Amino acid sequence: MEDKKMKIAEALLSMYPRCRTVVRDFGIQGQFRQPKRELLLGSETETIHKEHGCFF
């Protein structure tokens, strides 16, 4: 299973060269609705969201 996850992560990074990290998303959990994620490849998890010309 681990080998398949890494192959998929490497393929995703080759398909999207501007991305530096691949994260497995398990959804939102808990009372405070925090995301549960597993870092597969890379080291940064900063997301930049653009909406109506503003970056968040």
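Reader: Which residues line the largest pocket?
Author: The model is predicted, with local features requiring pLDDT of at least 70, side-chain atom pairs counted only at pLDDT 80 or more, and totals for chains, interfaces and linings using all residues. Numbering starts from 1 along each chain as its sequence is written, and side-chain values use heavy atoms, without hydrogens or water. On a 1 Å grid over the protein atoms alone, a pocket is an open set of points where a 1.4 Å probe fits, with protein on both sides within 12 Å along at least five of seven lines, and a lining residue has an atom within 4 Å of a point. The lining consists of R18, C19, R20, T21, V23, R37, E44, T45, E46, T47 and I48.

Reader: Is R20 buried or exposed?
Author: Under 20% relative accessible area is buried, over 50% exposed and in between partly exposed (1.4 Å probe, protein chains only). Because its relative accessible area is 58%, R20 is exposed.

Reader: How far apart are the C-alpha atoms of L41 and C54?
Author: L41, with R20 and M6 among its contacts, belongs to strand β2, residues 34-41. C54 is 13 residues from L41 along the chain. Their C-alpha atoms are separated by 28 Å.

How values were computed:
Helices (H or I, at least four residues) and strands (E, at least two) are DSSP runs, numbered from the N terminus. Contact means heavy atoms within 4.5 Å. Lists of a residue's contacts leave out its neighbours within four places in sequence.
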